[in-house]
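Here are a few exercises to work through with the model open beside you. Try each one before reading its solution.

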Amino acid sequence: MKKISEILSHLKNYPEFKKFNTYSLIVKFIDVLPLKLKKGVKFAYIKNQTLYFVLTHPVYKMEFEYNKADIKSLLKNFKIANVEDIGFFVTNIIEKKEEQEKPIIFYK
C-alpha cells in the first residue's frame with residue numbers, strides 16, 4: 001500500500017497541477033525571504049511573467065524597494081514559471097477583525 005505522500009508527489013507531476021506547483025514554489029520563495037520582509041507579505045501571484053507581492057503596509061513597500069536586487073538574486077535560484085521581474089504594492093482593503101459577541105447569560 002502506498003503512502004499518501006507518495007501519491008501526492010506522483011499527482012503533482014501531472015500537467016493539470018501546474019498552477020498548484022507554481023503556488024507551492026511561491027510559498028517556498030516567501031519562506032526564504034528575510035524575516036523583516038516575510039512578515040509584510042500578504043500573498044503573491046504571477047501575472048505576465050512578473051511576480052507580484054501584495055503587502056500589508058506601506059513601510060514594507062519601502063523595504064522591498066530597498067532590497068529589490070537581493071530579492072531578484074534569490075528569484076534566479078528558484079526558477080518560478082519564467083518570472084523575469086518582480087513588483088509589489090500595498091493592498092487598499094483593510095482587514096477588520098470581528099469580535100465574537102459573548103453570549104448573554106440570564107440567571108433565574
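Rings of Phe, Tyr and Trp (its six-membered ring) pair if their centres lie within 6.5 Å; planes under 30 degrees apart count as stacked, over 60 as edge-to-face and the rest as tilted. Keep in mind that this is a predicted model, where local features need pLDDT of at least 70, side-chain atom pairs need 80 or more, and totals for chains, interfaces and linings take in all residues. Numbering starts from 1 along each chain as its sequence is written, and side-chain values use heavy atoms, leaving out hydrogens and water.

**Exercise 1.** Count the aromatic pairs in the structure, then find which residues form one aromatic cluster.

*Solution.* Start with the ring centres: they give seven aromatic pairs.

**Exercise 2.** Work out the order of the elements and why the protein is more spread out than a compact globule.

*Solution.* First take the DSSP runs (helices: H or I, at least four residues; strands: E, at least two; numbered from the N terminus). Read from the N terminus, they go α-α-α-β-β-α-α-β. Now the radius of gyration over C-alpha atoms is 20 Å, well over the 13 Å that the globule rule (2.2 Å times the number of residues to the power 0.38) gives for 108 residues, so the protein is more spread out than a compact globule. Its C-alpha trace spans about 65 × 50 × 25 Å along the principal axes.

**Exercise 3.** What percentage of the residues is buried?

*Solution.* Apply the cut-off (under 20% relative accessible area, 1.4 Å probe, protein chains only). Buried residues come to 22% of the 108.

Terms used:
Buried means under 20% relative accessible area, exposed over 50%, partly exposed in between (1.4 Å probe, protein chains only).
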